[in-house]
Amino acid sequence: MEMDRRISVVFSVSSGKTCRASGRVVRTVAYRGFAVLFDSDDEEAISDFIRDIAPLTQERRAAFLRSVLNPEIEIL
């Protein structure tokens, strides 16, 4: 993923809530992932989701995400 690329992310959590957000790529780690700075005008659901996972350690965050995310994340 190239820096400053605009992306939209849509995902569902196991509770059935759908989260949608748009932003731009602000950091990349080769073959491992990337970080997105989401636009401030996106749905409240994404803010709530990020707030819930932010304080977790990387290990606990990964376990939490595996338990609540549906197996499909779509990056448009």
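Visitor: Read along the sequence, what pattern does the protein follow?

Guide: The order is β-β-β-α-α-β, and in total there are two helices and four strands. Keep in mind that this is a predicted model, where local features need pLDDT of at least 70 and side-chain atom pairs count only at pLDDT 80 or more, while totals for chains, interfaces and linings use all residues. Residues are numbered from 1 along each chain as its sequence is written, and side-chain values use heavy atoms, with hydrogens and water left out.

Visitor: What makes a stretch a helix or a strand here?

Guide: Both are DSSP runs, numbered from the N terminus: a helix (H or I) takes at least four residues and a strand (E) at least two.

Visitor: How do you know which strand pairs with β2?

Guide: Strands pair if DSSP finds at least two bridges between them. Six bridges join β2 to β3, so the two count as paired, and they run antiparallel. Within the pairing, Arg 27 sits opposite Ala 35, and Thr 28 faces Phe 34.

Visitor: What sits between β2 and β3, and what stands out about Tyr 31?

Guide: The two strands make a hairpin with three residues between them. Tyr 31 is in that turn, with a positive phi of about 65°, and that in a residue other than glycine.

Visitor: Is Tyr 31 buried or exposed, and what makes it so?

Guide: The scale is relative accessible area: under 20% is buried, over 50% is exposed, and anything in between is partly exposed (1.4 Å probe, protein chains only). Tyr 31 has 88%, so it counts as exposed.

Visitor: How many salt bridges does the structure hold?

Guide: Three. One of them joins Arg 6 to Asp 39, with the closest N and O atoms 2.7 Å apart. That pair links distant parts of the chain: Arg 6 is in strand β1, and Asp 39 is in the loop between β3 (33-38) and α1, 33 residues apart. Both ends are partly exposed, Arg 6 at 48% and Asp 39 at 25%.

Visitor: And what makes Arg 5 and Glu 2 a salt bridge?

Guide: Their closest N and O atoms are 3.9 Å apart, so this pair meets the definition as well. Arg 5 is partly exposed at 36%, and so is Glu 2 at 48%.

Visitor: Why is one group of residues called a nonpolar core?

Guide: A nonpolar core is a set of buried Ala, Val, Leu, Ile, Met, Phe, Trp, Tyr and Cys residues joined through side-chain atoms within 4.5 Å. The largest one here has ten residues: Ile 7, Val 9, Phe 11, Cys 19, Ala 21, Val 25, Ile 46, Phe 49, Ile 53 and Val 68. In soluble globular proteins, nonpolar side chains tend to be buried together.

Visitor: Which residues does Ile 53 touch beyond its neighbours within four places in sequence?

Guide: Arg 61, Phe 64 and Leu 65 are in contact with Ile 53, where contact means heavy atoms within 4.5 Å.

Visitor: What share of the protein is buried?

Guide: Buried residues make up 22% of the 76 residues.

Technical notes. A salt bridge is a side-chain nitrogen of Lys or Arg within 4 Å of a carboxyl oxygen of Asp or Glu.
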